Amino acid sequence: MFDRFPDGFQALIQGASRGIGLECVRQLLAEPRVGRVYATARRPERAERLQALADEHPERLVVLRLDVADEASIDDAAATVAARSPRLHLLFNVAGLLHDEHGMAPEKRLHDVRLENLEKSFRVNAFGPLLVARAFAQLLCHREHAVLANMSARVGSIGDNGLGGWYAYRGAKAAQNMFTRGIAVELGRRSRTLICVALHPGTTDTALSEPFQARVPEGKLFTREYTVSRLFTVIDGLSPEASGSFLAWDGQAIPW
């Protein structure tokens with residue numbers, strides 16, 4: 001695994017307190033070729049499972065505060081990483097927002113659209129990964145193999161949208177996809193070894209999907225362990241020609 005990356009490579013998982021992000025950290029720490037892992041959380045002091053991993057791997061895991069809705073926290077995290085590592089080889093933006101405890105939920109019809117929920121979704125799902133990419137770009141543009149991956153979703157595909165609804169989440173993920181493509185073009189001019197992609201994880205057993213799992217066909221609800229192993233397999237197999245792509249967990253291209 002991770003054969004294309006240099007020995008002792010440096011990775012950062014944005015949104016690592018639970019779910020897919022936390023599992024990414026676990027699997028990276030299990031790989032001997034990984035040097036240091038930076039893991040971010042909006043409230044690190046409440047991320048008990050992540051902190052427990054840090055206690056087990058004090059030399060390899062660094063937990064940082066980063067809230068994608070707080071621009072200053074993003075810049076502070078980037079400065080902290082830059083002070084410890086001259087370069088990053090993998091940055092995976094994982095954090096996402098579909099529903100919350102304040103009544104935000106996917107819209108079933110146009111009447112359900114609320115400005116507040118649109119702003120929340122775009123801030124976390126679209127603007128956040130873009131700001132993270134801006135802050136960490138200097139650490140990703142170098143002569144060694146590197147990947148910037150943004151966690152997207154198939155529902156963000158305009159070409160694949162045959163059901164409608166879910167306006168805030170679909171729209172924000174579609175915007176994130178455009179941002180990812182733009183980042184790939186721009187940073188590709190600065191570094192020929194950097195690959196930028198949007199990834200769809202499939203429906204995974206996490207808090208994000210929990211309210212909708214009853215409708216998932218049998219065999220289509222993935223465990224976090226399976227999802228992360230598949231996503232890392234896709235990341236490991238990326239070539240420079242794949243930069244700017246939108247790919248599913250099985251490596252298949254998804255229409256924009």
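Which residues in H4 meet which residues in H5? The close-ups below begin with that contact. This is a predicted model, in which local features need pLDDT of at least 70, side-chain atom pairs count only at pLDDT 80 or more, and totals for chains, interfaces and linings use all residues. Residues are numbered from 1 along each chain as its sequence is written, and side-chain values use heavy atoms, with hydrogens and water left out.

**View 1. Helix H4 against helix H5.** Asn117, Leu118, Ser121, Phe122, Asn125, Ala126, Phe127, Pro129, Leu130, Ala133, Ala137 and Gln138 in H4 meet Ala168, Tyr169, Gly171, Ala172, Lys173, Ala175, Gln176, Phe179, Ile183, Leu187 and Arg190 in H5. Contact here means heavy atoms within 4.5 Å. The residues of this contact of H4 with H5 divide into 15 nonpolar, six polar and two charged; Ala, Val, Leu, Ile, Met, Phe, Trp, Tyr, Cys and Pro count as nonpolar, Asp, Glu, Lys and Arg as charged, and the others, Gly among them, as polar. Two packed helices are described by the angle between their axes and the distance between the axes. For H4 (residues 115-140) and H5 (residues 167-190), the angle is about 15° and the axes are 8 Å apart. Axes are lines fitted to C-alpha atoms, for helices over the stretch in contact, and angles run from 0 to 180 degrees between N-to-C directions. H4 and H5 are therefore roughly parallel to each other (angles under 35 degrees count as roughly parallel, over 145 as roughly antiparallel, 65 to 115 as roughly perpendicular and the rest as oblique). H4 passes H5 in a right-handed crossing; a crossing is right-handed if the near helix is turned clockwise from the far one by less than a right angle, and left-handed if anticlockwise. Helices (H or I, at least four residues) and strands (E, at least two) are DSSP runs, numbered from the N terminus.

**View 2. Helix H3 against helix H4.** The axes of H3 (residues 71-84) and H4 come within 9 Å and cross at roughly 25°, so H3 and H4 are roughly parallel to each other. Their crossing is right-handed. On the H3 side, Glu71, Ile74, Asp75, Ala77, Ala78, Val81 and Ala82 take part, and they meet Gly128, Leu131, Val132, Arg134, Ala135, Phe136 and Leu139 in H4. By class, the contact of H3 with H4 has ten nonpolar, one polar and three charged residues.

**View 3. Helix H1 against helix H2.** H1 (residues 19-29) and H2 (residues 48-56) have axes that come within 10 Å and cross at roughly 15°. That makes H1 roughly parallel to H2. H1 passes H2 in a left-handed crossing. Leu22, Val25, Arg26 and Leu29 in H1 meet Arg49, Leu50 and Leu53 in H2. This contact of H1 with H2 has five nonpolar, no polar and two charged residues.

View 4. Look for His200 in strand S6 (residues 194-200). His200 is buried, with a relative accessible area of 12% (buried means under 20% relative accessible area, exposed over 50%, partly exposed in between, with a 1.4 Å probe and protein chains only). Its side chain reaches the backbone nitrogen of Arg154 at 3.1 Å. The backbone nitrogen of Gly202 lies 3.4 Å from a polar atom of the side chain of His200. Not counting residues up to four places away in sequence, His200 touches Ser152, Ala153, Arg154, Leu231, Phe246, Leu247, Ala248, Trp249 and Ile254.

**View 5. Leu64 in strand S3.** Leu64 lies in S3 (residues 61-65) and counts as buried at 8% relative accessibility. Leaving aside neighbours within four places in sequence, Leu64 is in contact with Tyr38, Ala39, Thr40, Ala41, Pro44, Ala77, Thr80 and Val81. Leu64 and Ile74, ten residues apart in sequence, are 9.8 Å apart in space, C-alpha to C-alpha.

**View 6. Met104 in a loop.** Met104 is found in the loop between strand S4 (90-93) and H4. At 4% relative accessibility, Met104 counts as buried. Not counting residues up to four places away in sequence, Met104 touches Leu97, Leu98, His99, Asn117, Lys120 and Ser121.

View 7. Phi of Phe2 is near 60°, a positive value in a residue other than glycine. Phe2 lies in the segment before strand S1 (9-14) and, at 1% relative accessibility, counts as buried. Trp166 has a positive phi of about 50° although it is not a glycine. Trp166 is found in the loop between strand S5 (146-151) and H5, and is partly exposed, with a relative accessible area of 24%.

Key: Polar contact = N/O pair within 3.5 Å; in protein donor to acceptor, adjacent residues only side chain to side chain.
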